[in-house]
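Dear colleague,

I am handing over the structure shown just below, and after it you will find what I came across when going through it. Please read the notes with the coordinates open beside them.

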Amino acid sequence: MRKKLMLLMTGLMAILILAACGSKSQQDVVKELEGKQKDLTSYKVDAKMTLKMGSDSQVYNVEIWHKDPSFYRVNLKNAEKDQSQMILRNDQGVFVLTPALNKSFKFQSDWPQNSSQAYLYESLIKDIVADKEAKFTETKGHYVFETQTRYQNNSMLPTQEIKLKKKDLSPVSVKVMDPDRNALVTVEFKKVKFKASFDKDDFEMKKNMTRAQLNLPAMAGGGDEVLTVKYPTLDLKGTKLIDEKEISLENGKRVVLTYDGKKSYTLVQEKVKAKEASTTFVEGNLVDLGFTIGAVSSHSITWSHDGVDYIIASKDLSKDEMIEVAKSVQAEAVK
């Protein structure tokens, strides 16, 4: 009898030990992620990013390269419109390239350290580690974290769900949610290669501009100078459109929209053509608008999209409010 009892207890202990070995706590996974980040020297990632904008969605193919310590190349290409934009960081600074217009902007910025970036692996790890109240669950093949974000307009996109493979802790998907838990930004990682190799000039600005232009359609940035005016859909209480002026230019037109009220602002839209290569220094912080990259300062925000330059200027709007107005300009155009 004693022998049977001993065998039974030994079996139970073995089961408990095996169960413990097969399951990791949230702290265990976070510690492994911290170790992964310390050992992270380089990677190449292919992903699909979907932005939900009102009733519409836009899909972008995103190619991400990273080389330690601070070299980045993020190429965003609209899956339907053959349009691309690239964020490049090298030892000369942070650049935003618009190949179709042969134009680049240079920022004095600490991007990507100053905000969450849903498509950058080390940024996701940083968000997980920083949020001591993060929720943790697991499935058969994945670890799932729900964390706070570090966006400048955190109140609009406060939380995100990050799914990682158990096998190697590589990213599977990210859903960035609004306060009602609607996923407004979804990133699905298709291919992740750690310890990727790069050529010496893979992060050089001129090479990347030339390489991107070779992949453009023959008529990119061409002669279609029709400017389709877009109107912000964000409803700022007490603010309304009071004036719309059209100004003829040598190669197109400029439209100036004036909004008056407690939150008054001016929105300028201008169709631009491809020109000789130029790099413009931009004052302000780089901000990810989802559909494009912009520059925001104390009283203005500028961006380019679909061959159109935009600027919002205001003394009444905060930076967060300007960002939200800018995002809404790309939604369905209504007055």
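**Salt bridges**

Lys-253 forms a salt bridge with Glu-246, the closest N and O atoms being 3.4 Å apart, where a salt bridge is taken as a side-chain nitrogen of Lys or Arg within 4 Å of a carboxyl oxygen of Asp or Glu. Glu-246 is exposed, with a relative accessible area of 55%; here buried means under 20% relative accessible area, exposed over 50%, and partly exposed in between, with a 1.4 Å probe and protein chains only.

Before going further, please note that this is a predicted model, in which local features need pLDDT of at least 70 and side-chain atom pairs count only at pLDDT 80 or more, while totals for chains, interfaces and linings use all residues. Residues are numbered from 1 along each chain as its sequence is written, and side-chain values use heavy atoms, with hydrogens and water left out.

In total the structure holds 13 salt bridges. One of them joins the side chains of Lys-48 and Glu-188, at 3.5 Å from N to O; Lys-48 lies in strand S1 (residues 42–53) and Glu-188 in strand S11 (residues 183–194), so this pair ties together parts that are 140 residues apart in sequence. Helices (H or I, at least four residues) and strands (E, at least two) are DSSP runs, numbered from the N terminus. Both partners are partly exposed, Lys-48 at 27% relative accessibility and Glu-188 at 34%.

A further salt bridge is found between Arg-150 and Asp-127, at 2.5 Å from N to O. Arg-150 lies in the loop between strand S8 (142–148) and strand S9 (159–165), and Asp-127 in helix H3, so the pair ties together parts that are 23 residues apart in sequence. Arg-150 counts as partly exposed at 24% relative accessibility, whereas Asp-127, at 2%, counts as buried. Elsewhere, Asp-201, Asp-202, Lys-207 and Arg-211 are linked in a network of salt bridges.

**Helix packing**

Helix H3 (residues 121–130) also packs against helix H2 (residues 26–38), at an angle of about 145° and with the axes 10 Å apart; the axes are lines fitted to C-alpha atoms over the stretch in contact, and angles run from 0 to 180 degrees between N-to-C directions. Val-30, Leu-33, Glu-34, Lys-36 and Gln-37 of H2 make the contact with Tyr-121, Glu-122, Ile-125, Ile-128 and Val-129 of H3, contact meaning heavy atoms within 4.5 Å.

**Backbone points to check**

Most residues other than glycine have a negative phi, and most peptide bonds are trans. Against that background, the peptide bond from Asp-68 to Pro-69 is cis, with omega near 5°, and Pro-69 lies in the loop between strand S2 (56–67) and strand S3 (71–78). The bond from Trp-111 to Pro-112 is likewise cis, with omega near 10°, Pro-112 being in the loop between strand S6 (103–107) and H3.

Arg-181 has a positive phi, near 70°; this residue is in the loop between strand S10 (171–177) and S11 and is partly exposed, with a relative accessible area of 46%. Lys-195, which is not a glycine either, has a positive phi of about 55°; Lys-195 sits in the loop between S11 and helix H4 (205–214) and counts as exposed at 67% relative accessibility.

**The protein as a whole**

The secondary structure comes to 5 helices and 19 strands, and of the 335 residues, 44% count as buried.
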